[in-house]
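Here are a few exercises to work through with the structure open beside you. Try each task yourself before you read its solution.

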Amino acid sequence: MAERIGVGIIGCGGIAGTHIEALAGLAGECRVVAVADPLEEAARRRAGESGALTWYTDYHDLLADRRIAVVTIATPHYLHAPIAVAAARAGKHIYVEKPMATTVGEAQEMLAAAQQAGVRMTVSSELANPIYRFVRERVLPEIGRVRSSYLLDFYFRDSAYYRSGPWRGKWATEGGGVFVNQAIYTWHPYTWLLGGIDVAYGYWANLLHPEIEVEDIGYGLVRFRDGSHGKVFSTTCYRPPAGIRLLEIAGERGTIFSATPWLRTLDFRLVDTKRDAALHRDVQAVHQTLTGSPYTPWAENDQAARIRAQLADFLGAVREDREPEVSAASGGEPIKILDGFHWHGWRHAERFREWLIAGDDLASIPRAGAEPTVEEAVAAGRTGGRGLAELLAIVRSPSPQLAAPFLTSP
Ligand SMILES: NC(=O)c1ccc[n+]([C@@H]2O[C@H](COP(=O)([O-])OP(=O)(O)OC[C@H]3O[C@@H](n4cnc5c(N)ncnc54)[C@H](O)[C@@H]3O)[C@@H](O)[C@H]2O)c1
């Protein structure tokens, strides 16, 4: 039997627990050799849970550990790039948590460092869900030229979430808000399906999280390299309205769509009903070939299963010296949306926020402080009012233009 691959885990907070669970499911392939976290208590605890032989409070010591071939990076966002670059220079293969980085420049440096060092790198992603591959290889060619697409992301994050880590909610350490932390989950498969990004610009504001610096709502336009365009909307201020499509890719001969958060299930309708029926039957057959089991939509937020599937492929890529299924370069594409929206939107944040508040049903909500909070809004059963309805209409419109009514209204 081949020797097990030595793994080191850098960052021993919440998601590291899932890395440990996932790696435990791959115990025949690998073993956790060491963990690192500046918080000694966290490092000791995760070492105990993973059976690691060693724990470090400085990740440089873990990178110098010759028993380790692969590292997983599970730290606050601003550390992904410097740790990945250092890991590549130390000759380690890298599984980095999402988001790959907080700027395009950082992502480029990571890609260059991995290439120069000849190490493999992947970015933790929803793409481990096999339905994406089926849709890209089999369904997208059937729908013909893509006319337009949209992607809606509704999350809910309260102030307790932002208090759960000192790095959250700050430009310097989280690198943004809903875009960089939550929307990235779907931006990655969205950009993977539709190809690389040429242009991205958008608008954002902090509407209902006065305790943080970063955006909690925003939208924008993305143009893909094939010339098609899409619009995206993301927020941590509302729960998703029932019964809407969260993704739609409209082509000349059919449509791909999803009504589930994180796009766990993708479905499609082809104009040619015979092809449609045949392709729906093929989902089962192809899935069976790819995974050895019949197609069933991925379970609600089964983080460990997703991370285990991706880590299994990544360990295989390291062993076989091949590209992982989720290339690191693909993880850099959504960072282009992030940069584009952040750079373009900052000048307009105040006007966008004023427009959102004016069109919202927030006015009638009792509030304790000067600014409304997301908890108060939810407790009062707020719907988002005319403002949200108008935004959703803008984003779902197939027009290649991005309306910004707050820039023109008096
Ligand atoms: N893929 C997913 O489903 C998923 C889910 C949650 C979080 N994440 C991502 O995982 C990352 C971590 O998130 P979290 O929720 O675990 O955060 P967390 O705050 O719970 O944990 C972060 C840990 O990193 C440690 N850390 C800080 N500086 C460090 C350093 N220099 N070296 C080593 N460790 C250091 C902190 O002490 C902390 O223990 C983020 O990028 C987040 O976006 C991914």
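**Exercise 1. Find which residue ranges form domain 1 and domain 2, and what the contact takes from each.**

Step 1. Domain 1 covers 5-126 + 303-327, and domain 2 covers 128-297 + 333-408; such bounds come from an automatic or database domain assignment. This is a predicted model: local features need pLDDT of at least 70, side-chain atom pairs count only at pLDDT 80 or more, and totals for chains, interfaces and linings use all residues. Residues are numbered from 1 along each chain as its sequence is written.

Step 2. Taken over C-alpha atoms, the centres of domain 1 and domain 2 are separated by 28 Å.

Step 3. The contact takes 17 residues from domain 1 and 20 residues from domain 2. Two residues are in contact if their C-beta atoms, placed from the backbone, lie within 7 Å.

Step 4. On the side of domain 1 that touches domain 2, the elements giving two or more residues are α5 (104-117) and α11 (303-320). Helices (H or I, at least four residues) and strands (E, at least two) are DSSP runs, numbered from the N terminus.

Step 5. With three residues, α11 gives the most to this side of domain 1.

**Exercise 2. Describe how α4 and α5 are placed against each other.**

Step 1. Two packed helices are described by the angle and the distance between their axes.

Step 2. The axes of α4 (residues 80-89) and α5 come within 8 Å and cross at roughly 10°. Axes are lines fitted to C-alpha atoms, for helices over the stretch in contact, and angles run from 0 to 180 degrees between N-to-C directions.

Step 3. That makes α4 roughly parallel to α5, a term for angles under 35 degrees.

Step 4. A81, A84, V85, A88 and R89 in α4 meet E106, E109, M110, A113, A114 and A117 in α5.

**Exercise 3. Decide whether Y155 is buried or exposed, and find what Y155 touches.**

Step 1. Look for Y155 in the loop between β7 (146-154) and α7 (159-163).

Step 2. Y155 counts as buried because it has 20 C-beta neighbours inside 10 Å. The cut-offs are 20 or more other C-beta atoms within 10 Å for buried, 12 or fewer for exposed, and partly exposed in between, with C-beta atoms placed from the backbone.

Step 3. Leaving out residues up to four places away in sequence, Y155 touches V178, Q182, T235 and T236.

Step 4. Y155 and C237 are 82 residues apart along the chain, yet 6.8 Å separates their C-alpha atoms.

Notes: Parallel < 35°, antiparallel > 145°, perpendicular 65-115°, else oblique.
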